[in-house]
Amino acid sequence: MFDAKVVTLLALLESGGYTAAASRLGLTQPAVSHHVKLLEEEYGVQIFVKGSRELKPTAAGALLLK
């Protein structure tokens, strides 16, 4: 069984944005952000480039996403 945070991360990648992923999953945008934050804390890496309007993974995030 998948962790809900991983399902959220996959939906985020497929949707291309936090709001679209939230809508797709029936969550709020802050819930999606929280899931990403929990994953970042769990793995000790920043997954996405902060402050970018485009959803771009960091180098460590790209490894995690694979």
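## Terms and model

Buried means under 20% relative accessible area, exposed means over 50%, and partly exposed lies in between (1.4 Å probe, protein chains only). By that scale Lys5 counts as buried, at 16% relative accessibility.

This is a predicted model, in which local features need pLDDT of at least 70 and side-chain atom pairs count only at pLDDT 80 or more, while totals for chains, interfaces and linings use all residues. Residues are numbered from 1 along each chain as its sequence is written, and side-chain values use heavy atoms, with hydrogens and water left out.

## Helix H1

Helices are DSSP runs (H or I, at least four residues), numbered from the N terminus. H1 covers residues 4–15, twelve residues in total. From first C-alpha to last it reaches 16 Å, close to the 16 Å expected at 1.5 Å a residue. The expected span is 1.5 Å times one less than the number of residues. Gly16 follows H1, and its phi is positive, near 85°.

Which residues of H1 are buried? They are Lys5, Thr8, Leu9, Ala11 and Leu12. These residues lie on the same side of H1, because they cover an arc of only 165° around the axis. The arc is taken from the directions from the helix axis to the C-beta atoms. The cover over the buried residues of H1 includes helix H2 (18–25), helix H3 (29–43) and helix H4 (59–65).

## Nonpolar core

A nonpolar core is a set of buried Ala, Val, Leu, Ile, Met, Phe, Trp, Tyr and Cys residues joined through side-chain atoms within 4.5 Å. The largest one here has ten residues. Its members are Leu9, Ala11, Leu12, Ala21, Ala22, Val32, Val36, Leu39, Ile47 and Phe48. H1, H2 and H3 each supply at least two residues of this core.

Contact means heavy atoms within 4.5 Å. Ala21, a core member, is in contact with Ala11, Leu12, Ser15 and Val32, leaving aside neighbours within four places in sequence.

## His35

His35 sits in helix H3. At 17% relative accessibility, His35 counts as buried. Not counting residues up to four places away in sequence, His35 touches Ala4, Lys5, Thr8 and Leu27.

## Salt bridges

A salt bridge is a side-chain nitrogen of Lys or Arg within 4 Å of a carboxyl oxygen of Asp or Glu. The structure holds four.

Lys5 has two such partners, Asp3 and Glu42. For Asp3 and Lys5, the closest N and O atoms are 2.8 Å apart. Asp3 is partly exposed, at 33% relative accessibility. For Glu42 and Lys5, the closest N and O atoms are 3.7 Å apart. Glu42 lies in helix H3 and Lys5 in helix H1, so this pair ties together parts that are 37 residues apart in sequence. Glu42 is partly exposed, with a relative accessible area of 46%. Asp3, Lys5 and Glu42 are linked in a network of salt bridges.

Arg24 pairs with Glu14 in another salt bridge, with the closest N and O atoms 2.7 Å apart. Arg24 lies in helix H2 and Glu14 in helix H1, so the pair ties together parts that are ten residues apart in sequence. Arg24 is partly exposed, at a relative accessible area of 49%, whereas Glu14 counts as exposed, at 57% relative accessibility.
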